[in-house]
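Colleague: I have the sequence and the coordinates open next to me. Could you walk me through what you see?

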Amino acid sequence: LACQKCHAIAGAGGLVGPELTSIGASAQPDYLLDSLLDPNKQIKEGYHSLVVTTVDGVAVTGVVVRETPKELVLRDADGREVAIPAADVETKKPGQSLMPAGLHT
């Protein structure tokens with residue numbers, strides 16, 4: 001049930017990770033195991049994180065929800081949307097999976 005904090009199952013749950021309702025029918029068992037053991041090995045398209053550093057030196061990591069000329073909105077690992085004014089963005093670089101490693105233990 002901890003998966004539902006970040007993943008939706010049949011429409012209920014979080015929005016941080018991919019929807020899991022049909023994952024068993026659509027993904028190979030080795031892919032599922034790899035995803036649990038090493039979340040950074042293969043990250044589903046649309047769920048790559050971005051690390052943004054602001055002009056104030058604050059680092060924000062999340063999945064891009066939307067980006068306009070005025071702002072960048074990220075969804076962080078807690079499911080919160082964080083809006084960063086475009087003028088405040090100093091750097092952007094690819095991040096890792098928001099899914100923490102070691103959940104299988």
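Modeller: Keep in mind that this is a predicted model. Among contacts between residues at least 6 apart in sequence, 39% join residues at least 24 apart.

Colleague: OK, and what does the secondary structure come to?

Modeller: The protein has two helices and seven strands, and along the sequence they follow the pattern β-β-α-α-β-β-β-β-β. The C-alpha trace spans about 45 × 25 × 20 Å along its principal axes.

Colleague: How many residues are there, and what percentage count as buried?

Modeller: There are 105 residues in the protein, and 25% of them count as buried. A part that is mostly covered is β5, where four of the five residues are buried.

Colleague: Let's stay there, then. Which strands does β5 pair with, and in which sense?

Modeller: On one side of the sequence, strand β4 (residues 59-67) pairs with β5 in the antiparallel sense over four bridges, and the two form a hairpin with three residues between them. Within that pairing, Glu-67 stands opposite Leu-72 in β5. The strand β5 also pairs with β6, again in the antiparallel sense, over five bridges, and there Val-73 stands opposite Ala-83 in β6.

Colleague: What does the side chain of Arg-75 make a polar contact with?

Modeller: It makes a polar contact with the side chain of Glu-81, at 3.0 Å. Not counting residues up to four places away in sequence, Arg-75 touches Leu-15, Val-16, Gly-62, Val-63, Val-65, Arg-80, Glu-81 and Leu-98.

Colleague: And Asp-76, where does that one sit?

Modeller: Asp-76 is in the loop between β5 (71-75) and β6 (81-85). With a relative accessibility of 9%, Asp-76 counts as buried. Its side chain reaches the backbone nitrogen of Asp-78 at 2.9 Å.

Colleague: Which residues is Asp-76 in contact with, leaving aside its neighbours in sequence?

Modeller: Setting aside those within four places in sequence, Asp-76 is in contact with Val-16, Thr-61, Gly-62, Val-82 and Leu-98.

Colleague: Changing topic: how much space lies in the largest pocket?

Modeller: About 780 Å³ of space lies in the largest pocket. It is lined by 29 residues, and the closest to its centre are His-7, Pro-18, Leu-20, Ser-35 and Met-99. The elements that give two or more residues to that lining are α1 (23-26) and α2 (29-37), and the largest share, four residues, comes from α2.

Colleague: How do the residues of that lining divide into nonpolar, polar and charged?

Modeller: The lining of the largest pocket divides into 19 nonpolar residues, seven polar and three charged.

Colleague: I also wondered about Lys-44. Where is it found, and what is it in contact with?

Modeller: Lys-44 is found in the loop between α2 and β3 (49-54). Leaving aside neighbours within four places in sequence, Lys-44 is in contact with Pro-18 and Tyr-31, and Pro-18 is one of the residues closest to the centre of the largest pocket. Lys-44 is partly exposed, with a relative accessible area of 45%.

Colleague: How far apart are Lys-44 and Ser-97, in sequence and in space?

Modeller: They are 53 residues apart in sequence, while in space the distance is 9.2 Å, C-alpha to C-alpha.

Colleague: Last one, Ala-10. What is the phi there, and is the residue buried or exposed?

Modeller: The phi of Ala-10 is near 55°, a positive value in a residue other than glycine. Ala-10 is found in the loop between β1 (8-9) and β2 (12-13), and it counts as exposed because its relative accessibility is 65%, the cut-off for exposed being over 50%.

How values were computed. Residues are numbered from 1 along each chain as its sequence is written. This is a predicted model: local features need pLDDT of at least 70, side-chain atom pairs count only at pLDDT 80 or more; totals for chains, interfaces and linings use all residues. Side-chain values use heavy atoms; hydrogens and water are left out. Buried means under 20% relative accessible area, exposed over 50%, partly exposed in between (1.4 Å probe, protein chains only). A polar contact is a pair of N or O atoms within 3.5 Å; within protein, one must be able to donate a hydrogen and the other to accept it, and residues adjacent in sequence count only if both atoms are side-chain atoms. Contact means heavy atoms within 4.5 Å. Two strands pair if DSSP finds at least two bridges between them. On a 1 Å grid over the protein atoms alone, a cavity is a set of points where a 1.4 Å probe fits but cannot get out, and a pocket is an open set with protein on both sides within 12 Å along at least five of seven lines; lining residues have an atom within 4 Å of a point. Grid points are joined across faces, edges and corners, and a volume is the space filled by probe spheres set on the points. Ala, Val, Leu, Ile, Met, Phe, Trp, Tyr, Cys and Pro count as nonpolar, Asp, Glu, Lys and Arg as charged, and the others, Gly among them, as polar.
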